[in-house]
Structure formats: C-alpha cells, structure tokens
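Dear colleague,

I am handing over the structure below, and I would be grateful if you could look through it with the notes that follow. They are arranged by region, and each can be checked against the coordinates.

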Amino acid sequence: MDALEALKRKSLLILFYDWYFVKVPKKILLVFKNLLKFGEYFFSITLLLKTYFSHWHGYRWVYNVRGIDIWKFFEVHFSNLISRILGAFIRTFVILFGILFELAVLILGPIVLISWIFLPLISLIAFLYGFKSLF
Amino acid sequence: MASNLYFNIERATIFEVVQLEKLPIFKFAPKIKKIFSNLFFIFLLVSFFIYFLSFAPPELKSKIKFLPKGLEIKTLGIALIFLSFWLLFLILDNFFNYLKNLPQKIELKDILKVPGQHNLAEFLSFDVAKAIILASNFAKRKNIPFNSSALFYCLLDFPKLNFVFLRLLLDKTQIKKILENYVKNEVLPPNFQKTISDALRIGIEKKHQKIEIGDLLLSVAENDPIFKKILIESNLKLEDVGNLVWWLEELEKEDKERKEWWEWKNLVKFGSIGKEFSAGYTITLDKFSIDLTKEVQKMGYPTIIGHEKEIEEMERILARREACNDPLIVGEAGTGRKSMILALAERSFFGQSLPEVNYHRIVQLNMQALLSQLESIEAVEATLDTIFREVVLAKNVILVIDEFHNYVEGKILRPGAIDITGILSPFISRPDFRLIAITTYEGLHKNIEQHPSILSFFEKIEVSEITREETMKLLQKFALKLETKYKILISYPALRDIFYYCEKYLPAIPFPEKALDLLEEVVVHSLQKRERIILPKHVAKVVSERTEIPVGEIELGERERLLNLENLLHQRIVDQEDAIKEVSAALRRARTEIRVRKGPIGAFLFLGPTGVGKTETAKALAEVYFGSEKRMIRLDMSEFQNVQDIPRLLGSPSEEGLLTTPVRERPFSLVLLDEFEKAHPQILNLFLQVFDEGHLTDGLGRKVDFKNTIIICTSNAGYQTIFKAAKEKREWSKVKEELINYFVEQGIFRPELINRFDAVVLYKPLTKENLLEIAELLLKKIQKQLKAKEIEFLITQKLKEKIVELSYTPEFGARQMERVIENKISNLLAEAILRKEIKRGERIEIDPDTFSIIKR
C-alpha cells in the first residue's frame, strides 16, 4: 500500500491502518532484533563458548626448568588448570546471564508487539473499567 | 531549470497534512498527551497511597476516618480514565508525526531527470510546505506577488530558525519591520519559482530526502534582494548563513540519533564484557598509561572532524599482518594528531574500523609518569619490557607513544634522557605488537631518522592543517561546549572572525589549535568583562592584545594610511619623490588586491648609492604601516654569499633560521634585506617563491608565511651609473632601464627575479639642498628632546651648512651626518647639561665654527 496514494484519496483510515499495523510493528521488531544482537555482543556468548576453557585473562605458567623437576612440573600444570577452571567458572556465569537476557528480550518482544496491536482495546478497557469504578 | 518544474502545492499530499494540523486534536495532541500522562501517574500514586493507608495502625486510622470508603478504587478509576486518554493521544501524536514525515520513494535528484512529471510540492518537508502556504496567504493579504520576500517574512516565525538568526545577530522584529516597509513601498520581483528551484538544488547537494527548511532559507538568502541587503549591512555573507544552517542540521541529526536508544550505535556504547575476558591482563601498562578508549567514552563519543584520509591510512597500516604495521604520525603540535588517535579509538570501539583494528583498546603510554616514578634507568627499562610484553599478551592493545622523538635519542645522549630503541627493537619487529608513534618534523629529522633500523618498521603519515570548513565545524562544536559551561552566547560573526584573524595574524601555530585556543581566550576575556554575548569586537580586542597588532584599528585606519602614504613617508624622507610615489602606489595596488599573484603585501628593490635614504624609507614604512620601527626584520645578505649559508637562513634541526624564525614569530613585519645583490644566486632563487607564492618551507619542513610582510631589498650595485646620470641630469626612467639591463647582463639579478618585485625603485644621489633638509630633520629631533627639558634650541642655517660640510661625501651620502651630529652636538649638549651650564628655561644655539654653546 502506497501511503502517499492513500492520503491523496483522503483515506486517512487506510493510512492509519498501514502505519499502525505494518510500519510500527516492523519498527518494534527491528528494535528487538537490535536488542538481541546487542545481547550477543555485550555478553559475547559465542566467543565465551569458543574460549570456554581458556586461561583466565591469558594468565599462564610456563615450565622453563632445565631437566626434570617434578614439583615444578606439577606446580605449573596445577596453576594452569586453576587458571582454566577459574576462566570457565566466570564464563559460565556470564553465559548464563547472556542467555537470560536474550530470553527476556525474546519474551518481551512479542509482549510489546501484542500490547501495541491491542493498545486501542487496552485504552477502551481502561476507560470502561475506570468509569465503572467511579459509580 | 525553474521554468521546467511543475509545482502545485494544493495538489500535494503535504498540503493535506498541513491542513490537518489546523484541527485542534492534532495541533494540541503533544501537550494533551503530556497532561494526561502526568495526571495518570499522579492519580495512580494517590490511589496506591490511599490503599497503603488501610494498613496503617489503628490510632492513625481513627484520625483519617474522614476519607470515604473505596476512595482508592475511585482514584485508581480516575487514573485509568487518564491512562486511556493518554494512550489515545499517544497514538494520535505519533500518527501525526508519521504523516508529517511521510517517506518518499523517489529521490530528490530524480525529479530533475524527468522535469514536469513530478509535482515538486510532493517533495517538501512539513515545515517548508507550511511556510509556503503561510507566505502565499501573506502575499494575497498584502496584495504583492508571491515571492522570496513573502517567504522570508514567514520563515522568521519558525522557532527552529531562531538558532540561525540569533547567532547571526539579526533582529527578527527589525527584519519584519524592514520587510513590511519594502512590501508597502517597493515593487518586488515575482521570483518564487526561482527560489523553490534553488531550494531543490540545495536539497539535492545536501542529499536530503525532501526540501528542508534550511534549504529554503538558504535559497531565500540567495534570491531575496532584501535579505541580501540585510546580510551586506550586517557584514555577513551567504556562506555564513550556509554554515549556520549546516550547524543547525547537524545538531538536529545528533539529537535524533541520541533519542533513538535502540539503534546499534547507541547500544554498542555499553561495551562488551565477554570480549574483555578473552584479552590478557595489562597490570603494569594500566599503571603507566591512559586508556584512550575510556577517554572517548568519558567524553561522550565526540564527533572528530578532519583528517579522514590520514585516519584511514592509519587503520590500513595497523591492519597489516607484517612487521611494518606501526604508523608514525608526523605533524606540528596542534594540527590534531591526538584527535586522530581519539577518532581511531572511537571507530575501533564501535566496530567501524577494519576487522583487525575493531574492538581494540587504544592505550597511550604515559612516559612522564614512568620516568618520574622509577628511580634508575635500569628500572625504567625493566618496566618498559614488562609493558611491551603485556601489550603482546593482551592481544587487544594498540599502544600509543606521544612525542616519540623524546625517547629516541640522537647520536649524542643528553644527560637524563632515555633511549628506548634498544628495548623496543625486539617487539616492534613483531606483527602482533602494534605501536602508534607521534612526533614532529623536527623530532623526526633530529632524532628518529638517526635510527634507520627503528624507522624502517614505521610507516610515516604526515598530518597537515585541517581545512577552513573543518576548522569552522570544529569551532562550532567547541563553542557549544563553552556556551554550556559558561552560560554565554557565542555569535557566529565572532567565530568567523576567530578563523580570519588566526589565519592572518597567527600563521606560526597550526589550525585547529590556534583557533580553539583563541576562542577559549576570548570567552574568558569576555567573562572577566561580564559580557554574556561574544561579539567580533571582543575577538579583535584579544587578538590585538595577543599579537600587539592593533587589529580593529588596522582594518579601519589602513585605508586612511594607504591614501596618505606619501605624506606620512615624507615626514621622514627628504626628496626621493619618485621613489616614495612608486612605493606608495605599489603598496596600494597590493593591498587592494588589484594584481594576480599571492605574494607578500609588497616586494620592492631599492637601488641607489649609500646614504640616500633606502634604509630610512624601510624604517619609515615599518613605522607607518606596522606601527613601529621595531616591526622590522633586518638581514645583511652579504653574510649569505655561499650555498652553505642556506641552513643559516632557513634553519636546520640544529639551528633556527635567521629569516624564517623571525617571520614565523612576527609575521606582520617589514623584512629588510640589505645588500641583496651579494647573496648567492641560489639564495636569491629562494625568493622567487616568496615573491610569487608568499611562503617558504623552512629547514624543518614547516611552511613559513610571508603574506603579511613587506619585503624590501636594497642594493647599491651600479651606483656609478646613478652618479653619472645625476651629473649628466639624464631622465631617471631611462637610467632605471639601463641599470636593469646592466644587472641582467652582469648576472647580478636574473630577469625573473626583477620581474617579481612590485617595483624597482631608484634613489637619486642627494643634493646639497636635500642634505640641508636632512640636517634640519636630525637637528629637530634634538630640539624636541631638549624641549622636553624646557630648553629651547635654536637651529641656524649656518649650523646646518656646517654639518653638511662636515658629513657629506658623494660615496656615502648622508650616512655620516648622524655620527657628526652625535659627536659635535649631542655630546656637547650632554656635557653641558651635566655640568649644569644649561638650565631649564634657557634659549641656546651652537656656534658652527667653534661648536660651543651660545646662550640667547
């Protein structure tokens, strides 16, 4: 529907329909798409999953002793293990928060969209309920 | 173009929308919406408050028994009614806004492809359509043709354009009165079609989707005779209106972008915690550095203006996967080198740069903190090593070192200086270590070029001054910040003058720094004087104080001085009518810009024997034109007889240039080059560019501006010819020709050099009469000084003749005269005053035979 053509024919109602049920819902969907994309960017879930067992902030210990030093060998490996476990532990939390955020967006999106579509109805119900409660 | 366009507003969609706005329901929708939303929240709160009162303790409950039962339900009911109205008006208001900005399927430029097919009125923004309808009604009411003046009258009522008129210091009420007067008494051209087609052209140039109100205003400024007149009377140009419209449009765009919080650019400002986790810790680096990415965040992501190409080049270099991926930014301090880094930080943060540069931290190493906190050189080196390791391990850091040359010492190490090249070398060769070094031309030539091994890892990016348009944009942005900070208004003419004065009087400092500094100084100065609006006069005052050049006065007084130049010079120079006339005429030509080339204010070659007044003319010119004899830069060119002397003249990394440095520091000066013919031919060639282009590049690659100088070259070459001609009483114009031919034949001056002078001025040998006049001038100086001590000194003809007799030699002209007067008269008078032989109130004269004082 060409909005301009519609207005030319002075069919304000058709124009309203186009705006209300096509343009605005599209915009709402775009907003929530952006929010989903932002959630992935902010929490970097994919990146954190890829680097799930990496050393925490690149902290690593290197075994640079000549010959065999069992104690040093275990110390280095244990430290690296701790660094990796710590990394995985914190990443788990961030990933969980990220998933929660994305879920919230996924749930909130349709709610906002439906609310918009039924906004005139909501307005009418609010008026009737309010009016009724006065008397 | 105008005649081909089809324009009918009444058949356009936007016409209907403008008519709709007249309906109160649409007109007042935003205000009603706000009122209902406020009422809804108030009643909701009251309802909750009453509801919570039902949980109050019994003592309190007994006190509020007067509240009727079920009041909370009733207030909630009222809140709901207000909610329903709020929602209704929310929908209406948004729908009307949508109607006002109905999207266009066809681009503006496409209208011109098939002129006459589309109704141009369909491509008007809501405000423009409204202005046209109002103007059409106004024209009908006043019974005048529908033209640009009617449009101008109606545009004045648009609150959006207050920004433009206020900053241009144009009084809207006054303009309305002028317009009404014109409309009553004058016949105005029916130029509506031309105005609207020009607005279309402007809209297309600005890549607008519709013709916006700014486009219409600019078109009216172009076409309306009254607007043009007002602009001329207010010392404004069309370009100024254009700049202000640009400024207004930019602010609107920024405001719109900021409000759309859901847009990716706004969301990404929150950063990314996940990405930070994958980067390594940089504990030592953080201690001795400034995170420029965080700085940009703190500054609210400012729009960085200028150096687009240089920034892109820097990104390309950093994106390389090879050792040579380190940009070396070379430029004078104040050219905006650091702004470039901030722009990079911003682009990297928003992911708008190249993939290899995106989402990186740009961190500036704080070398001063490092050097001051650590005691020994060894400790500094060890810390630097740790820092560089951290940069490599972090994987997301691009390091910046400002004033890099300070840490790359030349061959001789200064005490206390540090050379980091040794520690840097192993890292800089790594592709995963990226460093941006900032330096100056001087630093590059003096220090960095001494280390070719380090230099080979860098790719040079030369940063030049930003353009006039960019500087104006930057000034406008900075002005807004200052206005908010100090609660003042900075007028546009003041901003424009800041640029103009900076360009003319402060050429040694680069743009934008000098303009921004001056703006801040003007603001502080005005605040001290309790002025709330910054006007051009405030700028002129600060510039005058800073440069010691009477800026405002020169602009006004210059005309008078130029017209009266001959008389002013003759107050000091005796005779030499032709010479003075020629200098004055050339200077007038130069200043009125009735000439092609862009050299200095004036370039003159003064020819003549010694002691005839060549130098004196230069001094007089400096005093008359620049206000003081001190504004003279004097060089004896006989000291520059070899090619090796060029660095002394132009400067080099190890020494200041004898010509370039004073001109850089005092650009508004007279340059006197004595014995010009004695300089080496290659040195003379350097002046070809100065006379032609008005600038010279010094030994450090900096452009030195000579546009505000008067250059006078003196020479006594060929003086024998002049003497001979004087004896034979030949015509001087022929002598000059003969002399010039002689110079060319002898190879003293090349013809292209002589041609570049504004005038070659010939000084005649002085006659006895001239010398008597000079003697009188010099004696009058003594007379004036004695008068201050209330002693009257009588100058006799005999005394003058004696002085001339003692001092005159044909070869040296009047050169000896000053010395003779000093020896014979000044010394005598000084001793007499000390011995108290002359007292206040006495009249004296000097016996020319014995040189003794006679009291009268």
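B:K836 sits in the loop that runs between α42 and β17 (843-846) of chain B. Its phi is near 60 degrees, which is a positive value in a residue other than glycine, and since B:K836 has 7 C-beta neighbours inside 10 Å, where 12 or fewer is the limit, this residue counts as exposed. Please keep in mind throughout that this is a predicted model.

A second residue of this kind is B:F851, which is not a glycine and yet has a positive phi of about 50 degrees. B:F851 is found in the loop between β17 and β18 (853-855) of chain B, and, with 15 other C-beta atoms within 10 Å, it is partly exposed.

One peptide bond also deserves a look when you inspect the backbone: B:F511 and B:P512 are joined in the cis form, with omega at about 5 degrees. B:P512 belongs to the loop between α27 (492-505) and α28 (513-528) of chain B.

Turning to helix packing in chain B, the axes of helix α41 (residues 797-807) and helix α42 (residues 815-834) come within 8 Å of each other and cross at roughly 120 degrees. The crossing of α41(B) and α42(B) is right-handed. On the side of α41(B) the residues involved are B:I803, B:L806 and B:S807, and they meet B:Q816, B:M817, B:V820 and B:I821 in α42(B). By class, the residues of this contact divide into 5 nonpolar and 2 polar, with no charged residue.

In chain A, the axes of α2(A) and α4(A) come within 9 Å and cross at roughly 175 degrees. Because angles over 145 degrees count as roughly antiparallel, that is how α2(A) lies relative to α4(A). From α2(A) the contact draws on A:V24, A:P25, A:I28, A:F32, A:L35, A:L36, A:G39 and A:F43, while the residues from α4(A) include A:V94, A:F97, A:F101, A:E102, A:V105, A:L113 and A:W116. The contact of α2(A) with α4(A) has 14 nonpolar, 3 polar and 1 charged residues.

As for the way the chains meet, the contact takes 35 residues from chain A and 33 residues from chain B. The elements that give two or more residues to the side of chain A that touches chain B are α1 (3-8), α2 (12-43), α3 (45-50), α4 (70-117) and α5 (119-134) of chain A. The residues on that side of chain A divide into 23 nonpolar, 8 polar and 4 charged.

The model scores ipTM 0.87 and pTM 0.76. Chain A has a mean pLDDT of 89, with 93% of its residues reaching 70 or more, and chain B averages a pLDDT of 87, with 97% of the residues scoring at least 70.

With kind regards

Conventions: Residues are numbered from 1 along each chain as its sequence is written. Chains are lettered from A and ligands numbered from 1 in the order in which they are written. This is a predicted model: local features need pLDDT of at least 70, side-chain atom pairs count only at pLDDT 80 or more; totals for chains, interfaces and linings use all residues. Two residues are in contact if their C-beta atoms, placed from the backbone, lie within 7 Å. Helices (H or I, at least four residues) and strands (E, at least two) are DSSP runs, numbered from the N terminus. Ala, Val, Leu, Ile, Met, Phe, Trp, Tyr, Cys and Pro count as nonpolar, Asp, Glu, Lys and Arg as charged, and the others, Gly among them, as polar. Axes are lines fitted to C-alpha atoms, for helices over the stretch in contact, and angles run from 0 to 180 degrees between N-to-C directions. A crossing is left-handed if the near helix is turned anticlockwise from the far one by less than a right angle, and right-handed if clockwise. pLDDT is the predictor's confidence in each residue, from 0 to 100. A residue is buried if 20 or more other C-beta atoms lie within 10 Å of its own, exposed if 12 or fewer, and partly exposed in between; C-beta atoms are placed from the backbone. Angles under 35 degrees count as roughly parallel, over 145 as roughly antiparallel, 65 to 115 as roughly perpendicular and the rest as oblique.
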